[in-house]
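This report examines one protein model, beginning with a hairpin and ending with the nonpolar cores. Please keep the sequence and the structure in view while reading.

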Amino acid sequence: MTTLLAPPTTLPDEFRPLTREEYNRLIDLGVFEGSKVQLVGGLLIEMTPQKDPHFQLIVDLTMILAHQVHGRHSVSVQGPLQVDDISEPEPDLSILPLPRYGGVGKTSEALLVIEVAESSLAFDLGEKARRYAAAGYPEYWVIDAVHRVVIRHTDPRPDGTWATIDRLTSGLLEPVGVTDVTVDLDELFDF
């Protein structure tokens with residue numbers, strides 16, 4: 001499903017959003033060499049360096065998820081997702097269906113999208129959540145590394161909202177779109 005939402009901010013009339021196609025051509029030309037950016041809502045968003053808790057959560061979740069979905073799904077780590085015509089974010093983790101699609105993680109069919117947040121919490125809960133919902137991903141987790149909480153979004157709506165948002169700090173978390181996967185939040189947040 002491709003949904004084109006307006007950019008996250010109101011831009012002057014003389015500005016226009018960058019498309020995914022243009023963004024990928026610029027990548028091929030090496031324009032962003034040495035930079036870490038992602039395209040969200042037609043705007044280039046600079047990604048902040050990871051701190052220890054952020055990095056540790058990504059490593060731990062990768063090991064947990066890869067082990068549990070092995071042979072059934074792929075786990076993409078900071079791979080791009082084709083969300084809409086003007087967005088190609090790089091979530092910290094996503095679970096993708098098999099077989100692998102034409103580029104690692106470049107798919108619009110993610111079963112679960114996960115962002116780990118320290119300084120990016122507002123953006124991950126705002127603009128990214130809106131775009132992931134409009135794209136129809138069945139579930140989106142924002143893991144607040146500072147407060148050790150998972151904000152779980154389920155039941156996406158085409159208008160960019162989520163019907164259900166839960167805040168979880170302990171217990172077992174099982175994704176709705178991926179069977180036989182369990183994340184023990186007590187173990188995950190034991191750092």
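How many residues lie between S7 and S8 in the hairpin that they form? There are 5 residues between these two strands, and Gly-160 in the turn has a positive phi of about 90°. The model is a predicted one, in which local features need pLDDT of at least 70 and side-chain atom pairs count only at pLDDT 80 or more, while totals for chains, interfaces and linings use all residues. Residues are numbered from 1 along each chain as its sequence is written, and side-chain values use heavy atoms, with hydrogens and water left out.

**Overall architecture.** The protein contains 4 helices and 10 strands; these are DSSP runs numbered from the N terminus, helices (H or I) having at least four residues and strands (E) at least two. Their order from the N terminus is α-β-β-α-β-β-β-α-β-β-β-β-β-α. Of the 191 residues, 44% are buried, that is, under 20% relative accessible area with a 1.4 Å probe, counting protein chains only.

S7 and S8 pair in the antiparallel sense over 6 bridges, where pairing requires at least two DSSP bridges between two strands. Thr-154 has Thr-164 in S8 as its bridge partner.

**Helix H3.** Helix H3 covers residues 121–135 and reaches 20 Å from its first C-alpha to its last, close to the expected 21 Å; the expected span is 1.5 Å times one less than the number of residues. H3 bends by about 40° at Ala-129, the bend being the angle between axes fitted to the seven residues ending there and the seven starting there. Among the buried residues of H3 are Asp-124, Lys-128 and Tyr-132. Gly-136, with a positive phi near 90°, follows the helix.

**Nonpolar cores.** A nonpolar core is a set of buried Ala, Val, Leu, Ile, Met, Phe, Trp, Tyr and Cys residues joined through side-chain atoms within 4.5 Å. The largest has 22 residues, of which Ile-114, Ile-143, Val-183 and Leu-188 touch the most other members. Helix H2 (52–69) is one of the elements giving two or more residues to this core, and its share of 5 residues is the largest. Another core, of 16 residues, lies apart from this one and includes Val-113, Ala-129, Tyr-137 and Ile-151.

Methods. Buried means under 20% relative accessible area, exposed over 50%, partly exposed in between (1.4 Å probe, protein chains only).
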